[in-house]
Amino acid sequence: MPAGERVYTGLEILQQENFQHSEPLSLCRLRSRKAGSAMLPGMAQKPSIAIVGVGNLGTALAFALREAGYRIESVVARSRGNSLARARRLAKLTGARAVVGSDEVKAGILWLCVPDTEIARAAASLADGFRGRGKIALHSSGAFGSEILEPLRRRGAAVASVHPLMTFVRGSRPSLAGVSFAIEGDPAAMRAARRIVRNLGGEAHSISRNQKTAYHAWGTFASPLLTALLATTEEVAALAGVSKKAARQRMLPILLQTIKNYGTFGAAAGFSGPIIRGDMETVRRHLAVLRTAPVPREVYLALARAALEYLPAKNRKLLRSLLESTGG
């Protein structure tokens with residue numbers, strides 16, 4: 001899951017104009033609570049926030065926070081030039097100031113939205129001019145714990161990691177309502193983070209520092225690797241004479257129904273196809289036709305083995321034997 005870009009697939013994309021479905025997706029369980037207006041009187045009681053980083057996550061978070069009634073006090077650029085120009089654009093749209101470095105930041109909360117590989121460097125750089133007594137510093141990495149913000153903690157800030165289980169890509173600004181946020185860190189920072197998540201309409205969940213890597217891997221399965229699987233399906237569609245664009249359009253109904261079934265019934269009851277039926281001949285034919293597509297064939301074998309491990313299937317022993325004998 002790429003750092004700072006944030007991995008984890010937003011199901012609200014299924015509700016966009018080109019992804020309509022006739023019935024609501026029950027698995028979303030999105031709350032109906034509306035985010036507060038940026039003009040609500042309650043804004044005065046909420047701490048101001050400085051956003052560090054103007055990538056997909058930082059931009060989406062800045063807008064979501066403003067809509068939830070938080071004042072974006074400043075947008076912090078890494079340096080002058082392109083970084084500052086992007087910060088100025090975001091600052092203009094959110095009523096904030098664009099600054100370079102932390103010495104000009106007046107906000108009560110400093111929120112780092114930079115890629116994972118940049119967090120340690122950014123924390124050390126920001127600590128130089130940071131007056132942290134009584135302030136909060138957060139980062140949104142799914143992989144790293146709050147300890148990576150130690151330079152800011154030494155300057156007096158309470159620190160925490162606050163990761164939304166959501167994907168952020170260019171051109172998309174997903175809602176954070178109903179989104180799970182994994183939180184760990186100093187008690188004061190965790191309390192502040194929980195209040196923010198609640199105001200965003202999200203759901204806060206505590207996580208221990210030693211669980212972060214497994215959590216990050218889970219998120220990677222949920223979105224980036226799922227996208228990789230969908231890209232693989234396009235390669236298989238090509239074997240059937242279907243272009244990638246056409247495959248994407250034609251697959252949407254079955255994809256949407258599969259996700260809905262999973263959310264409503266769970267994996268086992270939402271499973272269908274030749275493996276649950278124990279259809280040896282169909283699986284054998286699939287593997288034969290996929291010999292001309294080595295990578296999709298490897299993916300098929302891996303997922304079929306996972307299905308036999310975790311999902312209901314007839315002829316389980318025979319299917320395992322078939323996969324092992326033809327999967328060399």
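Biologist: How many helices and strands does the chain have?
Modeller: The chain has 12 helices and eight strands, taken as DSSP runs numbered from the N terminus (H or I of at least four residues for helices, E of at least two for strands). This is a predicted model, in which local features need pLDDT of at least 70, side-chain atom pairs count only at pLDDT 80 or more, and totals for chains, interfaces and linings use all residues. Residues are numbered from 1 along each chain as its sequence is written, and side-chain values use heavy atoms, with hydrogens and water left out.

Biologist: What share of the residues is buried?
Modeller: Of the 328 residues in the chain, 46% are buried, meaning under 20% relative accessible area with a 1.4 Å probe, protein chains only.

Biologist: And Ala193, where is that, and is it buried or exposed?
Modeller: Ala193 lies in helix 5, residues 187–200, and it is buried, with a relative accessible area of 1%.

Biologist: What does Ala193 touch beyond its sequence neighbours?
Modeller: Leaving aside neighbours within four places in sequence, Ala193 is in contact with Val162 and Ile183, where contact means heavy atoms within 4.5 Å.

Biologist: How far is Ala193 from Ser161?
Modeller: The two are 32 residues apart in sequence, and their C-alpha atoms are 8.8 Å apart in space.

Biologist: Switching to contacts over the whole chain, what share comes from residues 24 or more positions apart?
Modeller: Such pairs account for 63% of the contacts in the chain with a separation of 6 or more.

Terms used: Buried means under 20% relative accessible area, exposed over 50%, partly exposed in between (1.4 Å probe, protein chains only).
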